[in-house]
Amino acid sequence: MTNHAELDYLKNLDWFSDGRVAHRDNEDLSSPPFDVSEHVWTCILNGAASGEFDIRTR
């Protein structure tokens with residue numbers, strides 16, 4: 001089940017036919033989108049799923 005926060009996040013993404021993914025900062029729409037290759041996007045998703053970006057506490 002998808003929650004509203006996920007849907008809001010997806011509105012900031014755009015997929016290109018060559019596999020690139022672009023993400024726009026919704027707090028500063030005047031800044032250019034950050035776009036990455038399909039490989040980099042897959043690495044980001046895999047890292048997030050494995051906890052690579054989790055904030056660690058002592």
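Which residue stands opposite Ala-22 in strand 3? Here are some friendly notes, with the answer in point 2.

1. This is a predicted model, where local features need pLDDT of at least 70, side-chain atom pairs count only at pLDDT 80 or more, and totals for chains, interfaces and linings use all residues. Residues are numbered from 1 along each chain as its sequence is written, and side-chain values use heavy atoms, leaving out hydrogens and water.

2. Asp-35 in strand 3 is the residue opposite Ala-22. Strand 2 (residues 21-23) and strand 3 run antiparallel and are joined by three bridges; strands are DSSP runs of E with at least two residues, numbered from the N terminus, and two of them pair if DSSP finds at least two bridges between them.

3. The open sheet has three strands in the order 1-2-3, with antiparallel pairing. Strand 1 (13-15) and strand 3 (34-36) each have a single partner strand, so one side of each lacks a neighbour in the sheet.

4. Asp-35 also forms a salt bridge with Arg-20, with the closest N and O atoms 2.8 Å apart (a side-chain nitrogen of Lys or Arg within 4 Å of a carboxyl oxygen of Asp or Glu). This pair links distant parts of the chain, since Arg-20 lies in the loop between strand 1 and strand 2, 15 residues from Asp-35.

5. Arg-20 meets Asp-18 in a salt bridge too (2.9 Å, N to O). Shared partners join Asp-18, Arg-20 and Asp-35 into one network.

How values were computed: Helix = DSSP H or I, 4+ residues; strand = E, 2+ residues; numbered from the N terminus.
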